[in-house]
Amino acid sequence: MTGEDVVMIAALAPRFLLHPSPVGEVLIVARDDALLTVHPIHGPAEPELEGLARRYGDVEPGPEHPLARRTAEQLDEYFARERRQFDLPLDLGQATGFTRLALEAIQRIPYGETAGYGEVAIAAGSPGAARAVGTACATTPFSIVIPVHRVVRADGSLGEYGGHPEVKRFLVDFERAAGV
């Protein structure tokens, strides 16, 4: 076998797309098999992309990446009130243990409804872990797609949303206005 006979298959670098939405630009980063992040950004994308590059290697523009485009289309459908649930492969490899269970429980909160941090903790199997649910919400790279905006304080107030409670208010009101 010569060097010409050996084919090296290199994994493609993750691709990113900035997609406009009613809550600002949404950063979508995808590999061929799964999404690495989908969340609104508030400010320049470069710091986020640099952080992702430290974790995953180069992150390159990919406006035509099939999974990034599919994600953008599903976001558009969501904001057009044509979609209530996302059907996308998420790389949840960084979410382990209770964090993963909390994110799975959050995905079961119905469109247009909210649940308290304590309720999510119970649904995730750890009734005393309301604060851990808050941490899972604050650290997920998949806000909107994993509807962490549906998780509220025990008194029903919305709380923060990555330092942008106005985005959380918009998303909760947007879903409730759909008349579920």
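**Pockets and a strand hairpin**

The second largest pocket is lined by 15 residues, and Gln 85, Phe 86, Gln 107, Val 145 and Pro 147 lie nearest its centre. A pocket here is an open set of points on a 1 Å grid over the protein atoms alone, where a 1.4 Å probe fits, with protein on both sides within 12 Å along at least five of seven lines; lining residues have an atom within 4 Å of a point. The model is predicted: local features need pLDDT of at least 70, side-chain atom pairs count only at pLDDT 80 or more, and totals for chains, interfaces and linings use all residues. Residues are numbered from 1 along each chain as its sequence is written, and side-chain values use heavy atoms, with hydrogens and water left out.

The volume of the second largest pocket is about 220 Å³, a volume being the space filled by probe spheres set on the points, which are joined across faces, edges and corners. Its lining comprises ten nonpolar, two polar and three charged residues (nonpolar: Ala, Val, Leu, Ile, Met, Phe, Trp, Tyr, Cys and Pro; charged: Asp, Glu, Lys and Arg; polar: the others, Gly among them).

The largest pocket holds about 700 Å³ of space. Of its 31 lining residues, Cys 137, Ala 138, Thr 139, Thr 140 and Pro 141 lie nearest the centre. Strand S3 and helices H1 (46-56), H3 (97-106) and H5 (130-139) each give two or more residues to this lining; helices (H or I, at least four residues) and strands (E, at least two) are DSSP runs numbered from the N terminus. By class, the lining has 15 nonpolar, eleven polar and five charged residues.

Strand S3 (residues 35-40) is largely enclosed by the rest of the structure, because six of its six residues are buried (under 20% relative accessible area, 1.4 Å probe, protein chains only). S3 runs antiparallel to strand S2 (residues 26-30), to which five bridges join it; strands pair if DSSP finds at least two bridges between them. A hairpin connects S2 to S3 through four residues, and Ala 30 stands opposite Leu 35 in S3.

How values were computed: Buried < 20%, exposed > 50% of the residue type's maximum accessible area, 1.4 Å probe, protein only.
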